[in-house]
Amino acid sequence: SLGLRADDHETFGQHGSYKTSLSYTLTTQTTFKFTHGTGFRSPSVSELFTTNSGNPSLKPERSRSFEAGVEQKFSGATFEANVFHSSFKALITSEPIFPYQNKNIDAATSEGVELIANVQLQNSITSQIQYTQTRTKMKDTGKYLARRPRHQGGANLSYSFSDRFSTAADYLYVGERDDVSSRLPSYWLVGLGAQYQLSANLALS
């Protein structure tokens, strides 16, 4: 597939971007996927003018990305492995020290690998586990981008009591992140939820 986008910004002018996607089914169980695209993002009003952090001199952000992966199906399970790479020009970010003003980074990259497993444990129980390793770098200094975790993962477990009522539990882990002169600690979150289907078009959660 091919997608095209045209931006016509009052301040930053006209810019085009695109996204192409290709998938190849080797067998009924194995599929290869490829994605390539470009992006354009103009600074938001808050990034430009918010008190203290706003920076009216910000330039629009440009990006180019590539992703390739494989999906493998088994009886009751699906596994995915993806690699990705993105490069940025004039990346919009916030200064990690006071007054935390927004700024452009001339050039930066982000790349890594993502692993996903979906498993049907029983007819009423499904689970998903995912893990992402990301490496970022500012080209001018060679340092990691601030506050971007190198390791992140999560898990989800859902149980359907009936066609109408189901529950779910989520776990999220975010690894350590580099900051100005220190490293922010890792943390984790746990979420619990439930949903009841009141009618074909209405659900309570």
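Modeller: A definition to start: buried means under 20% relative accessible area, exposed over 50%, and partly exposed in between, with a 1.4 Å probe and protein chains only. This is a predicted model, where local features need pLDDT of at least 70, side-chain atom pairs count only at pLDDT 80 or more, and totals for chains, interfaces and linings use all residues. Residues are numbered from 1 along each chain as its sequence is written, and side-chain values use heavy atoms, without hydrogens and water.

Biologist: Is Y159 buried, exposed or partly exposed, and why?

Modeller: Partly exposed, because Y159 has 32% relative accessibility.

Biologist: What aromatic pair does Y159 form with F161?

Modeller: Rings of Phe, Tyr and Trp (its six-membered ring) pair if their centres lie within 6.5 Å; planes under 30 degrees apart are stacked, over 60 edge-to-face, the rest tilted. That rule gives 4 aromatic pairs. Y159 with F161 is edge-to-face, at 4.6 Å centre to centre and 85° between the planes. Ring pairs also link Y159, F161 and F165 into a cluster.

Biologist: New topic. Where is E71 found?

Modeller: In strand 4, residues 61-74; strands are DSSP runs of E, at least two residues, numbered from the N terminus. E71 counts as buried because its relative accessibility is 13%.

Biologist: Which side chain does E71 join by a polar contact?

Modeller: That of K33, at 3.3 Å. A polar contact is a pair of N or O atoms within 3.5 Å; within protein, one must be able to donate a hydrogen and the other to accept it, and residues adjacent in sequence count only if both atoms are side-chain atoms.

Key
Helices (H or I, at least four residues) and strands (E, at least two) are DSSP runs, numbered from the N terminus.
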